Amino acid sequence: MTTPNTHKLLLLSDTDNVLVALGPVETGPNPVSDGTFVDVKQPVTLGQKIARVAIVRGEKIRKYGVPIGSASVDISPGDHVHVHNIQSDYTPTHSLTETAGGTHA
Amino acid sequence: MLEGYLRRDGRKGIRNVTAVVYLVECARHVATEIVMPYRDQGAQVIGFPGCYPNDYAQTMMERLCTHPNVGAVLLVSLGCESFNRFRLEKAVAESGRPVTSIVIQRAGGTRSSVDQGRSWVAEQIKALRATPRVPMDMSDLVVGTICGGSDATSGITGNPAVGRAFDRMGAAGAACIFEETGELIGCEQIMAARAATPELARALVQSVNKAAEYYATLGYGSFAAGNAEGGLSTIEEKSMGAYAKSGAAPIVGLIKPGDIPPTGGLYLLDVVPDGEVRFGFPNINDNAEIAELIACGAHVILFVTGRGSVVGSAISPVIKVCANPDTYARLADDMDVNAGRILQGDGLDAVADEIHDLVIDVAAGTPTKSEELGHAEFILTYKSFDPIGPACLPG
């Protein structure tokens, strides 16, 4: 039996500093799976990441409880987190600028 | 109770394939034409396009042609390629499978090769109907998993659901293989902590370090533009999602393409070549990895996709687990499992149960979506590997 989710953003691990969009997410306060709210700054599509807290340049991005890269600029709570503001600590990410957006109008 | 096709070498298969094998690209058209009328009766094309010899390709072809899902083998040679068809034919014959070769230059060209090939294939298909059926249980089964066309849903829905199904099948005695060390970059220490022995833990870390160096030399990670469009920002993020396919069981071994797991349990398949960077990318697409899992004996493949791959494979059925509910809605005809419903509130365990039960059904003969649609992709490219070390297999 499927119970529809009421939250829009998923916290995968307590130590994470990013949240995952469970579908299209609009700007403004959005409910998180841990019962809190985050004020989303840019509308994003399913699967995109939103900063849970402020993240300074060089700080590790944590998802699933582990580092998935580092912030390439300072990131504010509610910001969309993607290839424009984080980078791999291993090999550079290859993406097409035409399709890598992840935001929606 | 599962039933398998018993081969003369004692292995048990879940499909009864007649493999038509081109030994160089120049023979591919003839092989494809031979199979055409028998596509729905278990005839499939596999092959190697290169004209230069390669030990890896030779081993891969030997393992694939003696795979338990394969009942008979027709080799199609142009005649002047370097592939050692004599060694391959001998290996297949020694496994007890019917095998013959057609050499196009001797057979009189395309038309007569196709005619000869079709009559041999027709006979084999008829004969294979009499293959003995014997009881088969989970400990006879080898299951492989791969993810392709990943997006940010893959690591939350499809991959962890496959991981839980893997835990159940492995506990019941199946050999479960996960792969693509290039997509485990960033997870190496977490993964090593699950190794059955400290020596294996070191080998697991080394295999991922090798992948990281290999991809660094190439200048690209195992990361496609569609991964970024789907919300993945870095290789580490993609890796953590991919790693979830492995479940939570201890890792009992590290194998390379063509190595057959000697026991049940969870194995990592190291797909990145050894030595200096040669021959280009480790795997140029998903089917290259699927072929390697099958060469390790995988009877069935669990393929997790977020963006929406539609491929199947020659030799072993591919079950497609769609991680993204939007993709599932668009490509439902191609997908076997809708794991994206986890995002809408369904539990991981419900989807894991569905995957587990579907493996049993498919092993019992139910066609997957890609089989129904006629997908039977296959690709094999140049690679080079050193043998696995002594610490890599369960003692």
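1. Helices (H or I, at least four residues) and strands (E, at least two) are DSSP runs, numbered from the N terminus. This is a predicted model: local features need pLDDT of at least 70, side-chain atom pairs count only at pLDDT 80 or more, and totals for chains, interfaces and linings use all residues. Residues are numbered from 1 along each chain as its sequence is written, chains are lettered from A and ligands numbered from 1 in the order in which they are written, and side-chain values use heavy atoms, with hydrogens and water left out.

2. B:Ile284 sits in the loop between β11 (265-269) and α11 (286-295) of chain B. Together with B:Tyr220 and B:Phe281, B:Ile284 makes a nonpolar surface patch of about 280 Å². Patch residues have over 30% relative accessible area and no salt bridge; like charges are joined within 9 Å, nonpolar side chains (Val, Leu, Ile, Met, Phe, Trp, Tyr) within 5 Å. Accessible areas come from the Shrake-Rupley method with a 1.4 Å probe, and for residues only the protein chains shown count as cover.

3. Now the sheet in chain A. Four strands form an open sheet in the order β1-β2-β5-β8, with antiparallel pairing. Its edge strands are β1 (9-10) and β8 (80-81) of chain A, each pairing on one side only. Two strands pair if DSSP finds at least two bridges between them. Strand β2 (residues 18-21) of chain A is joined to β5(A) by 3 bridges, and the two run antiparallel. Opposite A:Leu19 stands A:Ile50 in β5(A).

4. Next, a hairpin in chain A. Strand β6(A) is joined by 3 bridges to strand β7 (residues 66-71) of chain A, and they run antiparallel. A:Lys63 has A:Val66 in β7(A) as its bridge partner. The hairpin has 2 residues between the strands, and A:Tyr64 takes a positive phi near 60 degrees.

5. Which side chains of strand β6 (residues 60-63) of chain A are buried? A:Ile61 and A:Lys63 are, and they point to one face. Buried means under 20% relative accessible area, exposed over 50%, and partly exposed in between (1.4 Å probe, protein chains only).

6. Side chains of opposite charge can pair when their charged atoms come close. A salt bridge is a side-chain nitrogen of Lys or Arg within 4 Å of a carboxyl oxygen of Asp or Glu. By this rule there are 22 salt bridges over all chains.

7. One of them pairs A:Arg52 with A:Asp34, with the closest N and O atoms 3.6 Å apart. A:Arg52 lies in the loop between β5 (49-51) and β6 of chain A, and A:Asp34 in the loop between β3 (28-31) and β4 (37-40) of chain A, so the pair ties together parts that are 18 residues apart in sequence. A:Arg52 is partly exposed at 25% relative accessible area. A:Asp34 is also partly exposed, at 36%.

8. Why does the salt bridge of A:Lys49 and B:Glu237 join two chains? A:Lys49 and B:Glu237 have their closest N and O atoms 2.8 Å apart. A:Lys49 lies in strand β5 of chain A and B:Glu237 in helix α10 of chain B, so the pair joins two chains. A:Lys49 is buried, with a relative accessible area of 0%. B:Glu237 is buried too, at 0%.

9. Within chain B, B:Asp349 forms a salt bridge with B:Arg164, the closest N and O atoms being 3.2 Å apart. B:Asp349 lies in helix α13 (residues 348-363) of chain B and B:Arg164 in helix α6 (residues 158-171) of chain B, so the pair ties together parts that are 185 residues apart in sequence. Both are partly exposed: B:Asp349 at 46% and B:Arg164 at 35%. Elsewhere, salt bridges that share partners join B:Lys210, B:Lys256, B:Asp270 and B:Asp274 into one network.

10. On a 1 Å grid over the protein atoms alone, a cavity is a set of points where a 1.4 Å probe fits but cannot get out, and a pocket is an open set with protein on both sides within 12 Å along at least five of seven lines; lining residues have an atom within 4 Å of a point. Grid points are joined across faces, edges and corners, and a volume is the space filled by probe spheres set on the points. The largest pocket holds about 990 Å³ of space. Its lining has 39 residues, and B:Arg39, B:Gly42, B:Ala43, B:Gln44 and B:Ala376 lie nearest its centre. The largest share of that lining, 4 residues, comes from β4(B).

11. The structure holds 1 cavity of 30 Å³ or more. Among the 14 residues lining the largest cavity, B:Asp151, B:Ser154, B:Leu232, B:Lys238 and B:Gly241 are the closest to its centre. About 60 Å³ of space lies in the largest cavity. Helix α10 (residues 235-243) of chain B gives the largest share of its lining, 4 residues.
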